[in-house]
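Hello everyone. Today I want to talk about charged side chains and how they pair up. Please take a look at the model.

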Amino acid sequence: PNVEWIITNPPFRLGAAFILQALKLARRGVAVLVRTSFVEGAERYDTLFRPAPETFVLPFVERVAMWKGVLLDPDVKVWDAARGTMKFPTSATSYAWLVWRNDAGGRLETDTRFVRIPPWRRELTRPGDYPPVPDHLRPPEGALL
């Protein structure tokens with residue numbers, strides 16, 4: 001396809017393959033949202049980061065509330081089935097954007113820059129930015145709240 005950018009949240013195990021394919025297709029660049037631990041690992045280094053180093057590593061300073069692949073509003077309580085209570089979603093997992101950018105000549109920029117994404121959520125969030133709470137995170141009917 002004739003695309004300028006590919007932006008995705010690839011499956012963790014297949015992330016390197018997704019990125020390598022995206023780098024072949026995107027004219028301007030590739031951006032992926034991944035767990036920060038994605039940057040670790042000798043095999044991933046050999047197959048992805050050594051031959052195609054990312055242009056930017058952009059970790060979030062604030063934690064991004066994602067449970068089982070669902071982005072959640074951290075200000076809206078969800079059902080914790082294990083405890084049988086409602087709670088605000090939190091995450092012990094850290095996330096970052098990794099960005100590969102091509103220069104004007106179509107060559108991959110290879111000087112990696114590390115830039116933290118500062119606290120932003122309260123300032124930039126607008127109504128409707130988060131998807132509705134999925135059914136599996138809503139309290140069961142008749143639950144005592």
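Is arginine 107 buried or exposed? Arginine 107 is exposed, and its relative accessible area is 53%. Let me give the cut-offs: buried is under 20% relative accessible area, exposed is over 50%, and partly exposed lies in between, with a 1.4 Å probe and protein chains only.

A word on the source. This is a predicted model, where local features need pLDDT of at least 70, side-chain atom pairs count only at pLDDT 80 or more, and totals for chains, interfaces and linings use all residues. Residues are numbered from 1 along each chain as its sequence is written, and side-chain values use heavy atoms, with hydrogens and water left out.

Now the pairs. Side chains of opposite charge can pair when their charged atoms come close. We call it a salt bridge when a side-chain nitrogen of Lys or Arg is within 4 Å of a carboxyl oxygen of Asp or Glu. The structure has 10 salt bridges.

Back to arginine 107. Its partner is aspartate 103, with the closest N and O atoms 3.4 Å apart. Aspartate 103 is partly exposed, at 24%. Elsewhere, shared partners join the salt bridges of Asp75, Arg121 and Arg122 into one network.

Next, arginine 101. It bridges to glutamate 109, at 3.1 Å between the closest N and O atoms. Arginine 101 is partly exposed, at 27%.

Last, arginine 27 and glutamate 4. Their closest N and O atoms are 3.2 Å apart in a salt bridge. This pair links distant parts of the chain, 23 residues apart. Arginine 27 is partly exposed, at 42%. Glutamate 4 is partly exposed too, at 42%.

Methods
Helix = DSSP H or I, 4+ residues; strand = E, 2+ residues; numbered from the N terminus.
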